[in-house]
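Here's a pair of exercises to work through with the viewer open. Try each task before you read its solution.

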Amino acid sequence: MKEDVVIRTVTRMIVPFIQLFGLYVILHGASSAGGGFQGGVIFASAFILYGIAFGITEARKRIYEKITTVAASLGVYIFAGIGLLAILFGGNFLGYSALPLPLPGPEIRGLMAEFVEIGIGITVMAVMTSIFYDMASKEEVE
Amino acid sequence: MIWEFNFAMFLFLVICAIAAITVRNLLSAVVIFAAYSLIMAVLWAEMNAVDVAFTEAAVGAGITTVLFIAVVSRTTRRSKD
């Protein structure tokens, strides 16, 4: 299967579109169907498709396991950071309208909701890719 | 809400659920489970729960199938019990 030129070419062509669709789902999560979790899963499925078509070792060269570990923590930090920032300015946890930005209230809420969705998306993408690496790799990793 | 469509989908759902737990070949069970997830996503979308349908289609029919296939390829393909 590794030598099959059709699978490799189609994968190489379709992966950017899957990633673009994942980003679209993440960024339009607040206003329509979708959200950080679904977009992150779609984004991770692009890496999983790459790993299936080219092999795990080739996929590990594209996105390192160190990067997935760091990204999984980074998304949680973005989420908790925005929530605690609102507490710092005297609001509730994730009470976006307390943030002192020069914008009307609904716009601040929309903007910060997008940042929280991006954080969720980063974490879900990293964790899904990491689970796939652990499940599909044959060798024992300590 | 078309009740004939709903009834047919529920029938397929029950058939897929029973087949997924009775079939001996675990790889077939995984594929039947993906079909179950797809029918479930159609049902969610038909019940106006688009967000849940999206999640079911992405996670249930996509990621879980890949992870199950990875697990089957690392363990046995036949069910013992």
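This is a predicted model: local features need pLDDT of at least 70, side-chain atom pairs count only at pLDDT 80 or more; totals for chains, interfaces and linings use all residues.

Residues are numbered from 1 along each chain as its sequence is written, chains are lettered from A in the order in which they are written, and side-chain values use heavy atoms, with hydrogens and water left out.

**Exercise 1.** Work out what chain A and chain B bury between them, and which residues of chain A supply it.

*Solution.* 
1. Start with the area: the two chains bury about 1,300 Å², and 75% of that sits on carbon and sulfur atoms (accessible area lost on being put together, 1.4 Å probe, summed over both parts).
2. Now pick out residues: Gln38(A), Met135(A) and Lys138(A) give 34% of what chain A buries against chain B, more than any other three residues.
3. Then look for salt bridges (Lys or Arg side-chain nitrogen within 4 Å of an Asp or Glu carboxyl oxygen): the count between the chains is zero.

**Exercise 2.** Check how helical residues 30-47 and 53-72 of chain B are.

*Solution.* 
1. Residues 30-47 of chain B come out 94% helix (DSSP H or I, at least four residues) and 0% strand (E, at least two), with end C-alpha atoms 26 Å apart.
2. Residues 53-72 of chain B are 100% helix and 0% strand, with end C-alpha atoms 26 Å apart.
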